[in-house]
Amino acid sequence: MTVPLALSQTTINFTYLVAAVLLIVGMRRLSSPPTARSGNVIAAIGMTIAVVFTFLDPDIDSYWLIVVGMVIGAAIGIASARLVKMTAMPQMVALFNGVGGGAAALVAAAEFHRQAPLPGHLAGDGIGAMLFSALIGSISFAGSLVAFGKLQELLPGRPIVFRGQQVVNGALFAALLLFGALAGSLEAGVWIVLLLAGALVFGVMLVLPIGGADMPVVISLLNAFTGLAAASTGFVLDNTALIIGGTLVGASGTLLTVLMGRAMNRSLANVLFGAFGAVPAGGTAVAASSDGKSYREVTAEDAAVMLAYAKRVVIVPGYGLAVAQAQHAVRELADLLEKRGVDVKYAIHPVAGRMPGHMNVLLAEANVPYPQLFDMEDINPEFPRTDVALVIGANDVTNPAARSVPESPIYGMPILNVDEAANVVVLKRSMSPGFAGIDNDLYYEPKTAMLFGDAKSSVEKLVAGVKAA
């Protein structure tokens with residue numbers, strides 16, 4: 001098929017530079033909800049420019065394959081954007097991220113197959129980029145599928161471990177390096193096939209022992225892997241847009257991984273190899289029992305009166321809110337309280353939910369005003385002046401043991417200091433522990449009242465109670 005309008009590579013590279021600038025500006029505007037919508041549009045324009053001018057590359061000779069792939073991908077993307085619920089956004093992000101890594105690995109393998117039959121045709125830098133993309137892309141693909149399975153509850157959310165697991169993983173990774181070296185030196189297809197297959201197994205083995213509490217970090221890390229794989233594929237194809245875009249994704253994913261680790265006071269090594277939240281041998285998921293401590297249960301009517309006559313209320317959303325899809329009911333409750341003159345704020349922990357920004361996305365869907373959302377560092381000084389802290393489905397991120405119990409597995413993790421509020425109302429299904437597998441000391445404090453039940457149903461009862469107060 002002839003090229004309708006072929007451009008020089010210099011011109012195409014210049015348009016890629018323009019597209020990259022638009023992507024960077026768009027990503028920068030995504031950092032603030034008021035500018036996020038325009039940031040999405042700007043980034044989309046940049047990506048459109050990159051795709052359009054790629055079509056004008058004179059080296060392309062199979063347009064129909066590209067068009068078929070774009071049509072199928074667009075159909076899946078549009079359906080996903082419209083049908084997937086906001087509560088399932090972490091799963092979709094994990095899945096789409098994995099698809100990107102898998103695509104990079106397939107492109108690298110295809111280029112290896114195309115070039116390897118020519119003796120000595122694979123240059124050192126080219127073969128290195130191919131093998132790196134195949135390795136990292138496959139790991140990202142398989143690991144993201146496991147993360148998706150855990151988030152979708154197709155797989156157990158707890159860490160899946162076995163004796164000698166780290167030794168097996170280490171041996172497998174060493175084998176991958178050997179396969180890569182043999183593929184690069186012998187230029188034989190069998191070795192890159194083994195590399196791809198082994199990397200898929202390693203990706204599964206890498207994520208299986210990671211628990212649900214660490215999913216925000218895992219998603220960020222796998223996102224960085226996909227970016228690095230895409231950038232390497234850019235070197236393989238000599239495509240400037242892929243190099244720049246992949247580098248941006250890799251850098252942002254790496255930075256986000258570091259920030260998420262700091263928010264949990266955990267090192268990346270501890271996240272990957274610590275099996276955080278694993279069930280102890282011969283025990284249950286409750287690593288720390290209540291030891292005879294008692295808790296105070298409250299009715300929705302009593303909790304509603306407490307909220308209605310408060311002056312300052314801080315709402316702390318967690319994953320339980322997301323599962324119950326209670327964000328709209330929470331917004332209605334906040335509106336009612338504000339009409340009564342109550343000052344309402346939202347406390348957002350960096351790792352609340354299943355991915356970075358999960359709570360912000362859910363509350364934005366319910367049109368919660370962004371100025372009411374406060375990061376942990378900004379809201380913690382407010383708790384001593386707060387009349388009621390309303391905790392909805394948040395567990396480990398509110399556990400005072402992180403400050404006071406050195407033996408606790410979450411000791412040192414920055415938390416929301418809800419225990420410093422005058423009163424605490426916790427909406428929870430039961431007294432079961434969170435992802436960390438330990439009791440929350442907050443629930444046994446005299447100032448804490450437990451309201452059991454589905455979060456959405458409980459908030460709706462609070463709405464009815466506030467209206468009647």
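Reader: Which residues touch the most other members of the largest nonpolar core?

Author: This is a predicted model. Its largest nonpolar core has 43 residues. Those touching the most other members are I315, L333, Y346, L390, I392 and L462.

Reader: Which helix gives the most to this core?

Author: The helix in question spans residues 327–339. Six residues of the core come from it. The name is helix α13.

Reader: What does I392 touch, not counting residues up to four places away in sequence?

Author: I392 is one of the core residues with the most contacts to other members. Close sequence neighbours, up to four places away, are left out here. The residues touched are I315, V316, P317, G318, L321, V330, L427, A455 and V459.

Reader: Where do the buried residues of helix α11 fall, seen down its axis?

Author: Helix α11 covers residues 300–308. Its buried residues are A300, A303, A304, L307 and A308. In an α-helix there are 3.6 residues a turn, so residues three or four places apart point the same way. Seen down the axis of α11, the buried residues line one face, because they fall within an arc of 135 degrees.

Reader: What covers the buried residues of α11?

Author: The cover includes both strands and helices. The strands named are β1 (312–317), β4 (388–392), β5 (423–428) and β6 (448–452). The helices named are α13 and α17 (455–468).

Reader: Is Q165 buried or exposed?

Author: Q165 lies in helix α6, residues 165–186. Apart from residues up to four places away in sequence, Q165 touches I160, M205 and P209. The relative accessible area of Q165 is 3%. The cut-off for buried is under 20%, so Q165 is buried.

Reader: Which residues make the nonpolar surface patch of about 610 Å²?

Author: Helix α3, residues 63–83, supplies the largest share, five residues. I76 lies in helix α3 and counts as partly exposed, at 47% relative accessibility. The patch is made by W64, L65, V68, I72, I76 and F96.

Reader: How many salt bridges does a search of the whole structure find?

Author: Side chains of opposite charge can pair when their charged atoms come close. One of the bridges joins K345 and D343, at 2.6 Å from N to O. K345 counts as buried, at 15% relative accessibility, while D343 counts as partly exposed, at 32%. The search finds six salt bridges.

Reader: How many residues apart are R403 and D419?

Author: The side chains of R403 and D419 meet in a salt bridge, 2.5 Å from N to O. R403 is in helix α16, residues 401–404, and D419 is in the loop between α16 and β5. R403 counts as partly exposed, at 38% relative accessibility, and D419 as buried, at 10%. The pair is 16 residues apart.

Reader: Which parts hold R429 and D454?

Author: R429 and D454 meet through their side chains in a salt bridge, 3.0 Å from N to O. R429 counts as exposed, at 59% relative accessibility, and D454 as partly exposed, at 26%. The pair ties together parts that are 25 residues apart in sequence, because R429 lies in the loop between β5 and β6 and D454 in the loop between β6 and α17.

Technical notes
Residues are numbered from 1 along each chain as its sequence is written. This is a predicted model: local features need pLDDT of at least 70, side-chain atom pairs count only at pLDDT 80 or more; totals for chains, interfaces and linings use all residues. Side-chain values use heavy atoms; hydrogens and water are left out. Patches are made of residues with over 30% relative accessible area and no salt bridge: like charges are joined within 9 Å, nonpolar side chains (Val, Leu, Ile, Met, Phe, Trp, Tyr) within 5 Å. Accessible areas come from the Shrake-Rupley method with a 1.4 Å probe; for residues, only the protein chains shown count as cover. A salt bridge is a side-chain nitrogen of Lys or Arg within 4 Å of a carboxyl oxygen of Asp or Glu. Helices (H or I, at least four residues) and strands (E, at least two) are DSSP runs, numbered from the N terminus. Buried means under 20% relative accessible area, exposed over 50%, partly exposed in between (1.4 Å probe, protein chains only). A nonpolar core is a set of buried Ala, Val, Leu, Ile, Met, Phe, Trp, Tyr and Cys residues joined through side-chain atoms within 4.5 Å. Contact means heavy atoms within 4.5 Å. The arc is that of the directions from the helix axis to the C-beta atoms.
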